[in-house]
Amino acid sequence: MSRTSLLIISFSAIRSDARVLKQVQEFSRDYDVTTCGYGDRPDGVVDHVRLPDDAAAWRYDKPSVVLRRFRRAYWTNPAVAAAWPLLDGRRFDVVLANDVDTVPIALRLAPARGVHADLHEYAPRQKEDVLVWRLFLGPLMTWLVRRAVTRADSVTTVGQGIADEYRRVFGIDADVVTNAAPYVEATPGPVGDPIRLVHSGAGLRDRNILALVEAVEAASSPVTLDLYLTENDPSLIAELRERRSERVTLHAPVPYSELSATLNAYDVGIHALPPTSFNNRWALPNKLFDYVQARLGVLIGPSPEMAAIVEAHGLGAVADGFGTTDLARAIDRMDAEAVGRWKAASDAAARELSSATQVEVWRRAIDALAARPGSA
């Protein structure tokens, strides 16, 4: 008996896209998985449709967008225009489309048993803090959701606040699959003296990294902060190097396979993302789950989704705000006894908060589509 064929399409480098890679790993065991995206072929798939590296998914024809000719704007997008000829004529039982910009392709392919859409952001307000994006690309994203995502057979997204907004605005009933990290066998290390804070992720100014640095420098407690940052913004990285703070150390990023072991040497993972956009307000990022798998305590700003998890499991503390003063105050409230409790709580919650419990939501959705009778 032949296995069900599943196309997983994402306008990303799938081998380094943690969320999409979890889909590939989950379904390649018992589906014939074909992937479509940038970069090399992921392990375990039966075929990979590689998109040209220069076929940018973010680039749209400006006159078409400005004149609200959204259909033309979409189908002339370089990634879409490259993907469609490579996929046209292929037959799949199920398509798992990642983000709104792949859903129209999935629908046009007309898979025999259905389309599942996995939405990584609330697309209509993804970059609403940028005026040009809000005026022109925001309406295009709204059109894509209304014209395509509402026709998908099932939908998931990354957090409850985003799911609620898709339901409120578009009537889309989306389940939630968080960006949880895979379970790691680890134990909490002893609390350091001084307490060792750590932050890992993208080196971008809008991630509020300078406020973290300033808060550590302003704190009365003799804490330290280590930063593992990718060089997304060279000017930010240069500024951090020039500060030469005695309390703050900047490191090169480590491969994801080494991240958990690297973080495990610290005490508290810190992240404070200001709500400068809808998606930032409702963010539930990978790093929160990375900190848990590393058996760290967690110190965050008052982001609702993150705060709910931190408070429900006793993982750490939620600062009163996102600025330097609020973060410094939260740091000064920490002591070794509290941090020890937080690390133990992360250890207790690590399995429940791992990706193993989350991919089950995708599994139920894809299996339900696969169980449908095939179309003629």
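K287 is located in helix α12. Its relative accessible area is 9%, so K287 is classed as buried (buried means under 20% relative accessible area, exposed over 50%, partly exposed in between, with a 1.4 Å probe and protein chains only). Helices (H or I, at least four residues) and strands (E, at least two) are DSSP runs, numbered from the N terminus. The model is predicted, so local features need pLDDT of at least 70 and side-chain atom pairs count only at pLDDT 80 or more, while totals for chains, interfaces and linings use all residues. Residues are numbered from 1 along each chain as its sequence is written, and side-chain values use heavy atoms, with hydrogens and water left out.

**Distances between C-alpha atoms**

- K287 and A181 are separated by 106 residues in sequence, yet their C-alpha atoms are 8.5 Å apart in space.
- N98 belongs to strand β4 and is buried because its relative accessibility is 1%.
- From N98 to D347 the chain runs 249 residues, and the C-alpha atoms of the two are separated by 31 Å.

**Salt bridges**

- The whole structure holds 27 salt bridges, each defined as a side-chain nitrogen of Lys or Arg within 4 Å of a carboxyl oxygen of Asp or Glu.
- D347 pairs with R295 in a salt bridge whose closest N and O atoms are 2.8 Å apart. This pair links distant parts of the chain, 52 residues apart: D347 sits in helix α15 (residues 336-349) and R295 in the loop between α12 (286-293) and β12 (297-300).
- R3 and D32 form a salt bridge, with 3.1 Å between the closest N and O atoms. Here too distant parts of the chain are linked, since R3 lies in the segment before β1 (5-13) and D32 in strand β2 (residues 32-38), 29 residues apart.
- R3 is partly exposed because its relative accessible area is 36%, and D32 is partly exposed because its relative accessible area is 25%.
- D206 and R207 join their side chains in a salt bridge at 3.8 Å, N to O. D206 is partly exposed because its relative accessibility is 45%, and R207 is partly exposed because its relative accessible area is 27%.
- A network of salt bridges links E26, R29, D30, R363 and D367.

**Surface charge**

- R71, R108, R147 and R151 form a patch of positive charge on the surface. Such patches are made of residues with over 30% relative accessible area and no salt bridge, with like charges joined within 9 Å and nonpolar side chains (Val, Leu, Ile, Met, Phe, Trp, Tyr) within 5 Å.
- One of these residues, R147, is in helix α6 (residues 131-147). R147 is partly exposed because its relative accessibility is 42%.

**Helix α9**

- The buried residues of helix α9 (residues 234-243) are L236, I237 and L240. They lie on the same side of α9 because they cover an arc of only 100 degrees around the axis, the arc being that of the directions from the helix axis to the C-beta atoms.
- The exposed residues P234 and E242 are carried on the face of α9 that is turned away from its buried side.
- An α-helix has 3.6 residues a turn, so residues three or four places apart point the same way.

**Backbone geometry**

- Most residues other than glycine have a negative phi, and most peptide bonds are trans.
- D193 and P194 are joined by a cis peptide bond, with omega about 10 degrees. P194 is in the loop between β7 (175-176) and β8 (196-202).
- D99, a residue other than glycine, has a positive phi near 70 degrees. D99 lies in the loop between β4 (94-98) and α5 (103-109) and is partly exposed because its relative accessibility is 25%.
- N208, a residue other than glycine, has a positive phi near 70 degrees. N208 is in the loop between β8 and α8 (209-218) and is buried because its relative accessible area is 15%.

Key. Areas by Shrake-Rupley, 256 points an atom, 1.4 Å probe, with all protein chains shown as cover. Lys, Arg positive; Asp, Glu negative; His and termini not counted. Charge placed at Lys NZ, Arg CZ, Asp CG, Glu CD.
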